[in-house]
Each structure stands twice: as structure tokens, then as C-alpha cells.
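Work through the exercises below with the sequence and the coordinates at hand. Each task is followed by a solution that goes step by step.

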Amino acid sequence: MRSKILLYFFLIIIFFSCKKKDSTAVENITQVNNRISTPKILSEKPIQSFKLLGKFNYRNDTTFAKVPSSYSFKNIYVQKVVLDSFIKMTNAAEKEGVSFKIVSGTRNFDEQKRIWERKWKRNNTSDSVSNALQILKYSSMPSTSRHHWGTDIDLNNLNNSYFDKGKGLKEYNWLVNNAHKFGFFQPYTSKKSGRTGYNEEKWHWSFKPLSSHYLNVYNDSISYKDITGFVGSAVAKDIDVIKKYVKGIEY
Ligand SMILES: [Zn+2]
């Protein structure tokens, strides 16, 4: 009887020590997972195609927010997470005597179509491919713009020369050294590296935690049959706009 009690006693001790081990293991995994910054924003998957193509009204979309006038030049919207990170970034920059305002944020299909078709008419050339290539130096074809996604912003000035000296250079250097801490990167860098697509844009910054996700889904789900509904859309495939201009960026 005594040995039976001892046996039960040992079994109970073994049971609890195992339990303790398990709960410690679970605790460790939780701690590790908490340390990995898995952005909640990535759970949005799958992103609907019409959003990738800009065919929606971002002003009515609950994931978007209007940029307060103190941080922008006009009525500009971006995704809420992008705005939060941008505000943190410009507040940090202000402590070092640099500040940023958003010149342009989200543009949907209709807005990009107006820009595209205005430039198309202005170029007034009979060769559709060369007309499109001329516009594509700086402007996107509707449904191929990163500005549709609400992840990309243009800052302070739309001329590279502004960022080459004085105040502009100080701002640009600050972004190069610090923007990554807030999730932003410059997608359209110098083309000397062999990058295809648009010319360098020192003002255009992209919120990578979100844009990389959008680009992945775009690459998986969008094809030339989706690039339609504007003048000149027929040459999108000839120019290979998706490969050279959208996929020309890594994230
Ligand atoms: Zn831009």
C-alpha cells in the first residue's frame, strides 16, 4: 500500500513537471512571435483585383484616411497604416530640422486616366508606342500605377533638381538615411544599376510592408487583359509595361 502511494506520488510529480515544461515552451514561442514584427496589415490577403487596378473610390474605403492639411498640400488620401508611419517619420525628421509634406498620394484609375490622356493628346504623335514611351518616363499607365494602392507617396517637390542642393538635398539625405526605419523606400532610383521603367524620382517613397504585398498579388493576378479602358491601352503589351514598369521594382 505504501509503495502504491509512493508510486502515485511520483506519477503526480512527473505529470506536473511535464506540464510545466510544456507551458514554458509555449511561452517561449509566444515571446519569439511577439518579437517578429508580423504586420497585421498583411492579413488583408487576398487583395481584390479592382483595388490593384485602381478601380475603386479610396475616399469611401475604410482602410484609407485623409492626410491632415498640416502634412499635405491638398486633399490627399493614403492607407491609414501608411499615414501613421509617415507622421512618425516627419515628426522624427522635424527634430533634426527637416520636414515633409505629401504632394501626392493615392490616385485611382479615373484620375490616372485623366493624367495619361492629357499627356497623350499633348504629345500629338501618330506613333502610339513612342507616345506611350514618352509619357512613361515619369507617368504611369492607368492600372499599372503604385499610386493606386495607397502605399506610395510623393514628398515635397516633383523635380529631382530640387533635391540636389540646399534644403532639398538635406531632406533627401535624411530620407536616404532614415526612411527605412519607418518602412519607406525609394522605388525609382537611378537607372545606372540597370533598372527598367520610370526615370529616377527622388520624391517618390513607398511603404514596403504594404507595397511588397500588393506587388506580389499584382504579379500573381494581373495580366494584359486587365490593362484596358483608356486611349493607348492597346500598346501596353507591345511595350511590356507590366514586366518593365511594375515588376521593374523588387518590392
Ligand atoms: Zn509618385
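Two residues are in contact if their C-beta atoms, placed from the backbone, lie within 7 Å. The model is predicted, so that local features need pLDDT of at least 70 and side-chain atom pairs count only at pLDDT 80 or more, while totals for chains, interfaces and linings use all residues. Residues are numbered from 1 along each chain as its sequence is written.

**Exercise 1. Describe the protein as a whole.**

Start with the contacts: of those in the protein with a separation of 6 or more, 73% are accounted for by residues 24 or more positions apart. Next, take the secondary structure, where helices (H or I, at least four residues) and strands (E, at least two) are DSSP runs, numbered from the N terminus; the protein has nine helices and six strands. Finally, turn to burial, for which a residue is buried if 20 or more other C-beta atoms lie within 10 Å of its own, exposed if 12 or fewer, and partly exposed in between. Of the 251 residues in the protein, 29% are buried.

**Exercise 2. Work out how helix 4 and helix 5 are arranged, and which residues meet.**

Axes are lines fitted to C-alpha atoms, for helices over the stretch in contact, and angles run from 0 to 180 degrees between N-to-C directions. The axes of helix 4 (residues 109-123) and helix 5 (residues 128-135) come within 10 Å of each other and cross at roughly 125 degrees. Angles under 35 degrees count as roughly parallel, over 145 as roughly antiparallel, 65 to 115 as roughly perpendicular and the rest as oblique, and helix 4 and helix 5 are therefore oblique to each other. On the helix 4 side the contact is made by Trp116, Lys119, Trp120 and Asn123, which meet Asn131, Gln134 and Ile135 in helix 5. The residues of this contact divide into three nonpolar (Ala, Val, Leu, Ile, Met, Phe, Trp, Tyr, Cys and Pro), one charged (Asp, Glu, Lys and Arg) and three polar (the others, Gly among them).

**Exercise 3. Are Ser143 and Asp240 buried or exposed, and what is the phi of each?**

Most residues other than glycine have a negative phi. Ser143, in the loop between helix 5 and strand 4, has a positive phi of about 75 degrees although it is not a glycine, and Ser143 is buried, with 27 other C-beta atoms within 10 Å. Asp240, in the loop between helix 8 (236-239) and helix 9 (241-246), has a positive phi of about 60 degrees; with 12 C-beta neighbours inside 10 Å, Asp240 counts as exposed.
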